[in-house]
Amino acid sequence: MLRSFLVLAGAAVAALALAVAGASGGSSATGQFPVTVVGSNGKVTVTKRPTRIVSLSPTATESLFAIGAGPQVVAVDDQSDFPKSAPRTALSGFTPNVEAIAAYRPDLVVIAYDPKGLSDALGRLGITVLHQDGAKSFKGAYQQIRQLGKVTGRDGSARTLVANMKRKIGAIVADAKKGRQGLTVYHELDPTLFSATSKTFIGQVYTALGLKNIADAADSAGFGYPQLSAEYIVSSSPDLIVLADTVCCGQKASTVAARPGWDRISAVRTGSIVRIHDSIASRWGPRLVNFFRAMSAALDRLRS
Amino acid sequence: MTSVAERAPEVRARGLTPVWACSAVAFLLVSLAIGVLAGPVDLGVGSVLESAGARLHVPGVSTSLSPTEEAILWQIRVPRVMLAALVGAMLSLAGATYQGVFRNPLADPYLLGVAAGAGLGATIAIAYLPDGLRGQRVLPVAAFVGGSIAVVLTYAVGRSARRERDAATLILAGVTVTAFFTAWQTFVQQQNSETLQEVYSWILGNIPSTGWSDVVLILPYIAVAVIVILALRRVVDVLNLGDDEAASLGVDVRRVRLALVVAATLGTAAAVAVTGLIGFVGIIVPHTIRLLTGVGYRALLPLSVVVGAGFLVLADVVARTALSPAEIPLGVVTAFFGAPFFALVLRTTRGGAS
């Protein structure tokens, strides 16, 4: 009974919201509402400046706080561990509970993953959902930040943030172009040797820095995340090893050097092993700059 | 025990013939050779032989491999081949043993919950152990402990049943414990979604390239298990007649079954601890041997050890070379070939009286 009532009421609210949105049309000037953007779930219209945002996307959480929309955020998911000031809750972005999300009375929910019809269910309750899927390129990542700026009324800050990111990354890339080219890199996702190719978001960082990714040869299927064989990694002898499994799996230079045969690898001999926090290496938000900086520092050490 | 078996006419299934024994050993040797020679890095047959000769201090032979290639061959490839052989031998032997002891052609080494228990142990270790302790060395121990606890629990549940302790009760207890531990494991995994990738790749099953340490780690358990089971191999033929018949022939059914099951489980737990779940090996290998040779358990068990070792070495060659330099999870390879084969076994044995 209650359930069907809720569904009916939700449908009515949603219909009303649609009618309002349709009537007022979509102007997208800075800080003006209503505003319409195109997320991974299609056109999303935000009717007024949201003040009760729930973010189930750790990347979106970082971006929201970086553009100064933090005060508008009431809850973030259990994986959103940055920045520390974010109101972290037990909400899950992977196994979400619609009622628990609705209990925060959000006026905007940002998600990176839409399991089991989450966005539809929230939509039926009349809650606006912006789905921002994993970015496939830097351009996509910048667009998502700009998009968050538009829907929160922080368009100016978002533009500035993106411009700063582009400037800092551009400088690092220009610097890298001056150094020795053709260095090889192995990016480690976990100790069973899953890696990421140049097709992936993280792989494009290496391409931008002029590095050759040894995982590319192993990805005939084009899936982007092949599991490499230890023999291949040792014989490829990459110049750089990037560990993105430092938090999940406790990997560090000494554990890598202790693996059988790995002491022959160039990166192990020269100590060119970069430890990158798992969360920086798996998100596509403002801290992309930090990743570039860490890589740049490692390259400088290697080249000097 | 031998005299018991000889007195019973039904037990006189065929024994080990020299032809089959030689074929099995030849299969293993060829598999080992392919395993050592094939890999993502082409070392060349001649160079590998030279390197082996140099290691064995054959006079006048020196290696032409670079230090890196030497490391690839002796620290990565050869230990991995040995590990695959050990695990394949153990899983096939355990499968054949369970099939005989429980008189169930579908029995596999994971029947009594060892896999679910090991999975839970590994997941808890991945999810809750502090960083410093969580290296790859702790994982096998946690999995081994989990697997052993699950089987002890299965036995306890089986014993607490008021019915007589027959084979079916134990299998039911195993199903119960498996369901419970799997649910628990899924819960822990879901509560710690950041560990999903690591747990997932552990469960998929692969032969790790961890050098000699894993070989040394599981060798004692597997050696003991193989010795105990092969020493009792003639009794398995008697057990296969049924508990009452075996008892009437003077076999202490409960004690012998316990010894066989403990040995098979101990070895399986050790294997699972380092490789995760590798399905179907324990089913396809014994069934293939039985179909081809028609032998009884006293010959089937030793043949399973030899052929199982060769089979898993070959499967691992496929896993690491088919998409080289990428790897395919070994559990995927064995199940991909195992599932159609098993369907065939079902078809051909469906109408049969045996």
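This is a predicted model: local features need pLDDT of at least 70, side-chain atom pairs count only at pLDDT 80 or more; totals for chains, interfaces and linings use all residues.
Figure 1. Of the contacts in chain A that link residues at least 6 apart in sequence, 59% are between residues at least 24 apart. Chain A comprises 304 residues, of which 46% are buried. Its secondary structure consists of 13 helices and 10 strands.

**Figure 2. The two domains assigned to chain A.** Domain 1 of chain A covers residues 2-154, and domain 2 of chain A covers residues 165-303. Between these domains, 13 residues of domain 1 are in contact with 9 residues of domain 2.

**Figure 3. Close-up of the side of domain 1 of chain A that touches domain 2 of chain A.** Helix H2 (58-66) and helix H5 (138-152) of chain A each contribute at least two residues to this side of domain 1. H2(A) provides the largest share, with 5 residues. Classified by residue type, this side of domain 1 contains 6 nonpolar, 4 polar and 3 charged residues.

**Figure 4. Close-up of the contact between chain B and chain A.** On the chain B side, 32 residues are in contact with 29 residues of chain A. Two elements of chain B, helix H4 (67-101) and helix H8 (196-204), are those that supply two or more residues to the side touching chain A. H4(B) gives the most, namely 7 residues. The side of chain B that touches chain A is made up of 16 polar, 9 nonpolar and 7 charged residues.

Methods:
Residues are numbered from 1 along each chain as its sequence is written. Chains are lettered from A and ligands numbered from 1 in the order in which they are written. Helices (H or I, at least four residues) and strands (E, at least two) are DSSP runs, numbered from the N terminus. A residue is buried if 20 or more other C-beta atoms lie within 10 Å of its own, exposed if 12 or fewer, and partly exposed in between; C-beta atoms are placed from the backbone. Two residues are in contact if their C-beta atoms, placed from the backbone, lie within 7 Å. Domain bounds come from an automatic or database domain assignment. Ala, Val, Leu, Ile, Met, Phe, Trp, Tyr, Cys and Pro count as nonpolar, Asp, Glu, Lys and Arg as charged, and the others, Gly among them, as polar.
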